[in-house]
Amino acid sequence: MELKLLQDNGTLGAGVQASPEVFEREYNEALVHQVVVAYQANARSGNRAQKDREQVKHTTKKPWRQKGTGRARAGMSSSPLWRGGGRIFPNSPEENFSQKVNKKMYRAGMRSILSQLAREGRLNVVDQFNLDAPKTKVLADKVKAMGLDSVLIIVDQVSENLYLASRNLHKVAVCEPQHADPLALVQYKKVLVSKAAIAKIEELLK
């Protein structure tokens, strides 16, 4: 499998050999969907809470007599049928949203995403990606010169300059191979991977 090498001026150079076991797999849409949804679900904090009819502060006095008013029977204003009443099935902070995806499925999903990105021309390789100063403008100008708008940069080791420069660019993200997630790979328009990071990705997903 050959991945195109992206130069600093935005032109594509000679190809870089990559493992076909990782970057040339068939696209499994159902598996990718399951992996991405599970990743999003596992990121939920589950801190929302609602009150049931026992927890809302309402009087327990009967609103009106049982018969003779012409209105429907009502026992107390904390009823879920009333405005401001308690919920029948309230959300709880202890609610668990996590979904289990085993390692074999996760790795297969990641290989499928990377392979599809390579086929679509959204994944390119760079020799290395470093900055001389921790300046956001320097990184923004470098990304713009390469013809990139929305990009995920995967490097072997994130330097302090690169980390500090990328924090305030909402369309640019930087990470190491072990921290690359399926949602980020799908979300960004382009993915840049350094040569050293390619070897690590192949080792992690083999």
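User: Which residue of strand 2 is the bridge partner of Lys4?

Analyst: In this predicted model, Lys4 has Gly15 in strand 2 as its bridge partner.

User: What makes strand 1 and strand 2 count as a pair?

Analyst: Pairing needs at least two bridges. Strand 1 (residues 2–6) and strand 2 (residues 12–17) are joined by five bridges, so they pass, and they run in the antiparallel sense. Together they form a hairpin with five residues between them. In that turn, Gly10 has a positive phi of about 95°.

User: And how do you know that strand 4 and strand 5 pair?

Analyst: The test is again at least two bridges. Strand 4 (residues 151–154) has four bridges to strand 5 (residues 172–175), so these count as paired, this time parallel. Here Leu152 faces Ala173 of strand 5. With helix 5 (residues 160–166), the two strands build a right-handed β-α-β unit.

User: Why is helix 2 called roughly perpendicular to helix 3?

Analyst: Helix 2 (residues 29–42) packs against helix 3 (residues 103–119) at an angle of about 115°, with axes 9 Å apart. Angles of 65 to 115 degrees count as roughly perpendicular, so that name applies to helix 2 and helix 3. Their crossing is left-handed.

User: Which residues make the contact of helix 2 with helix 3?

Analyst: Helix 2 brings Leu31, Val32, Gln34 and Val35, while helix 3 brings Met105, Tyr106, Ala108, Gly109, Ser112 and Ile113.

User: How many of the contact residues are nonpolar, polar or charged?

Analyst: Seven are nonpolar, three are polar and none is charged.

How values were computed: Residues numbered from 1 in each chain as written. Predicted model: local features only at pLDDT ≥ 70, side-chain atom pairs only at ≥ 80, totals over all residues. Heavy atoms only, no water. Right-handed = clockwise from strand over helix to strand, strands pointing away. Axes fitted to C-alpha atoms, helices over the stretch in contact; angles between N-to-C directions. Parallel < 35°, antiparallel > 145°, perpendicular 65-115°, else oblique. Left-handed = near helix turned anticlockwise from the far one by under 90°. Contact = heavy atoms within 4.5 Å. Nonpolar A, V, L, I, M, F, W, Y, C, P; charged D, E, K, R; others polar.
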